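Biologist: Can you walk me through this model? Keep it simple, please.

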Amino acid sequence: MAKVQEGVYFIQGQDEFIPDSHVYIIGEPSSKDLSMVDVGLAGKGAYKVRAIEKLGIALSSIKRIIMTHTHFDHIGCLPEIKREIPDVEIWVHKKEAELLAKGDDRAVYGMNEFKNMCEMQYGVEKDAFTLTVDHTPEDGEILEIGNMVWEVLHIPGHSMGGIALYNPVSKILIPGDVVYADYAIGRFDLFGANARELKESLLRLAELDVDILLPGHNQIVKGLPATYIKETAKMWAPYLA
Ligand SMILES: [Zn+2]
Ligand SMILES: [Zn+2]
């Protein structure tokens, strides 16, 4: 677990055959009103729980899990985390929450071949991701949680209900899998993806003043160049028509 700054903590994903998403803990620990952003791949819950405890954060102060989106590498270990933190709320944008509620796991697996592989490889139960979420954060919603303020942006394209969290005070962006370091962006070939929407989402993120980029995978970046997201969007635009 690394401290990005006061109130923002980073637990690095442990990729193993399939990527395991990073997890961020946001909120001032003294508030005892912390949020976990994404949880990660199936089988990758235990080390994250230990990492939280190592930081001296009581699991009971983790009040909610905010999902940037519900792909398997981000939501896979939810059953494990729920066992350790039974009262934790789950927040998902309504476009993906509606699917989870219906037991439609296409937004989790993205494609059928992947679903079959995951069920075999990880022994995932058939209805593991059939659930009713506690809250559906909407575009433009301002979250005042953990003595911090985060703005919600709906940024579809990589997935239909993808959201970013943006902290304007410290200029921190948590964009899920929409944009990464090294001019990389999320894939746009899975169920619910849309290249044109991804381009629009990138252009929207490019308008933000971002100093710290905390993506779902790969490196985190401090001191992000001012035009970084705009340049990334421009570079990918020909492929996102
Ligand atoms: Zn994803
Ligand atoms: Zn991912």
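Modeller: We'll take a helix pair, then a sheet, then a few single residues. This is a predicted model: local features need pLDDT of at least 70, side-chain atom pairs count only at pLDDT 80 or more, and totals for chains, interfaces and linings use all residues. Residues are numbered from 1 along each chain as its sequence is written, while chains are lettered from A and ligands numbered from 1 in the order in which they are written.

Biologist: OK, at what angle do helix 7 and helix 8 pack?

Modeller: About 160 degrees, with the axes 8 Å apart. Helix 7 covers residues 195-206 and helix 8 covers residues 228-236. Helices (H or I, at least four residues) and strands (E, at least two) are DSSP runs, numbered from the N terminus. Axes are lines fitted to C-alpha atoms, for helices over the stretch in contact, and angles run from 0 to 180 degrees between N-to-C directions.

Biologist: So are they roughly parallel or roughly antiparallel to each other?

Modeller: Helix 7 and helix 8 are roughly antiparallel. Under 35 degrees counts as roughly parallel, over 145 as roughly antiparallel, 65 to 115 as roughly perpendicular, and the rest as oblique.

Biologist: Which residues meet there?

Modeller: From helix 7: Lys-199, Leu-202, Leu-203, Leu-205 and Ala-206. From helix 8: Ile-229, Lys-230, Thr-232, Ala-233 and Trp-236. Contact needs C-beta atoms, placed from the backbone, within 7 Å.

Biologist: Switching topic. In what order do the strands of the open sheet run?

Modeller: The order is 7-8-9-10-11-12, six strands with mixed pairing. Two strands pair if DSSP finds at least two bridges between them. Strand 7 (142-145) and strand 12 (221-222) are the edges, each pairing on one side only.

Biologist: How many bridges join strand 9 and strand 10?

Modeller: Three, in the antiparallel sense. Strand 9 is residues 163-167 and strand 10 is residues 172-174. Leu-165 has Ile-174 in strand 10 as its bridge partner.

Biologist: Now Asp-182. Where does it lie?

Modeller: In the loop between strand 10 and helix 7.

Biologist: Is Asp-182 buried or exposed?

Modeller: Exposed, because 8 other C-beta atoms lie within 10 Å. Buried takes 20 or more, exposed 12 or fewer, and partly exposed is in between; C-beta atoms are placed from the backbone.

Biologist: And what about Asn-218?

Modeller: Asn-218 has a positive phi too, about 65 degrees, and is not a glycine. Its loop is between strand 11 (212-213) and strand 12. Asn-218 is partly exposed, with 15 other C-beta atoms within 10 Å.

Notes. Contact = placed C-beta atoms within 7 Å.
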